[in-house]
Amino acid sequence: HQQLTGEADIVKRFGGDNKEPITEEQEDLSRDIEKLCRQNIAVCNLKLASQAGSKDEVEKFSRNALDSCNKALTIDAKSWKALLRKGEAYVYMNSPD
């Protein structure tokens, strides 16, 4: 399977009006894209948690990040980015004001 350089390459390769059934390779790439999106959503929520004005907001954004990480980990249990961000979310939830 061809090595792609990033998310944009994956979308270019399989985007468009293709009416053919999805191949196993396309399914694998679809899961990779979902994993990347979930990881990016997690980091966005962690950024929001770092700038939150109240403990409740920190908790909300940290839980959202944790949820996104868990979903990424169901796709790839060894995703170091998802594991790292999951740890960061736990740190935000347990950190004193």
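Is K35 buried or exposed? In this predicted model, in which local features need pLDDT of at least 70, side-chain atom pairs count only at pLDDT 80 or more, and totals for chains, interfaces and linings use all residues, K35 is buried, with a relative accessible area of 15% (buried means under 20% relative accessible area, exposed over 50%, and partly exposed in between, with a 1.4 Å probe and protein chains only). Residues are numbered from 1 along each chain as its sequence is written, and side-chain values use heavy atoms, with hydrogens and water left out.

K35 forms a salt bridge with D76, the closest N and O atoms being 3.1 Å apart, where a salt bridge is a side-chain nitrogen of Lys or Arg within 4 Å of a carboxyl oxygen of Asp or Glu. K35 lies in helix α2 and D76 in the loop between α3 and α4, so the pair ties together parts that are 41 residues apart in sequence; helices are DSSP runs (H or I, at least four residues) numbered from the N terminus. D76 is partly exposed, at 24%.

Within helix α2, R31 and E27 lie four residues apart, about one turn of the helix, and form a salt bridge with the closest N and O atoms 3.5 Å apart. E27, D28 and R31 are linked in a network of salt bridges.

In helix α4, which covers residues 80-94, the residues A82, R85, A89 and M93 are buried. Seen down the axis of α4, these buried residues fall within an arc of 85°, so they line one face of the helix (the arc is that of the directions from the helix axis to the C-beta atoms).

Conventions. Helices (H or I, at least four residues) and strands (E, at least two) are DSSP runs, numbered from the N terminus. The expected span of a helix is 1.5 Å times one less than its number of residues.
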